[in-house]
Amino acid sequence: MADPGLTSPSGTPLRSPSASLTLSFPFLRERSQVWEGSKEQPLPTDLPSPLPTKRTRTYSATVRAHSGPVFKGVCKNFSRSQGHGFIRPSHGGEDIFVHISDIEGEYVPVEGDEVTYKVSRVPPKNLKVQAVEVKITHLNPGTKHETWSGQIISS
């Protein structure tokens, strides 16, 4: 079964294997780590996708949000490293998403900070809202606050 035209770099003639060749790729088997890791993990349902930022918001949405009423709430949580958090409205209801680009002022919000904000609809379906023009009105006493430049201040 040797093909005289095919030779290895050392000059040995190449031939086909006598047994049938089966390829087995362990990373394609179900329940292997690579197989499981290749599946896309579902995004949390709380976060809009894609995340609307101040930079990607349309001019008309910005104008509508700016002319809207001001609401009060309390910061439920905020992760500077992830770039977003949630506000618990003082009037009750569902928590409101806030992006890092929509926070105004010199402090990074922490849990318990009282804030004021306006709302903007989240495209494409405009069913959910997000907080924009977020301002901390009262720092949560007894907690450490960080400025955007990284300085730690106790309140």
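## Salt bridges

The structure holds 4 salt bridges. The model is predicted.

Arg80 and Glu146 meet through their side chains in a salt bridge, at 2.9 Å from N to O. The two residues lie 66 apart and link distant parts of the chain. Arg80 sits in the loop between strand 3 (71-79) and strand 4 (84-89). Glu146 belongs to strand 9 (residues 144-146). Arg80 is partly exposed, at 32% relative accessible area. Glu146 is partly exposed too, at 27%.

## Pairs reaching strand 8

Glu104 forms a salt bridge with Lys135, with 3.9 Å between the closest N and O atoms. This pair joins strand 6 (residues 103-104) to strand 8 across 31 residues. Glu104 is partly exposed, at 28% relative accessibility. Lys135 is partly exposed as well, with a relative accessible area of 40%.

Lys118 forms a salt bridge with Glu133, and their closest N and O atoms are 3.7 Å apart. Lys118 is in strand 7 and Glu133 in strand 8, 15 residues apart. Both Lys118 and Glu133 are buried.

## Positive phi angles

Most residues other than glycine have a negative phi. Glu133 has a positive phi, near 50 degrees. This residue lies within strand 8 and is the salt-bridge partner of Lys118.

Asn126 also has a positive phi, of about 60 degrees, although it is not a glycine. Asn126 is located in the loop between strand 7 (114-121) and strand 8 (129-138). Asn126 is partly exposed, with a relative accessible area of 39%, whereas Glu133 is buried.

How values were computed
Residues are numbered from 1 along each chain as its sequence is written. This is a predicted model: local features need pLDDT of at least 70, side-chain atom pairs count only at pLDDT 80 or more; totals for chains, interfaces and linings use all residues. Side-chain values use heavy atoms; hydrogens and water are left out. Helices (H or I, at least four residues) and strands (E, at least two) are DSSP runs, numbered from the N terminus. Buried means under 20% relative accessible area, exposed over 50%, partly exposed in between (1.4 Å probe, protein chains only).
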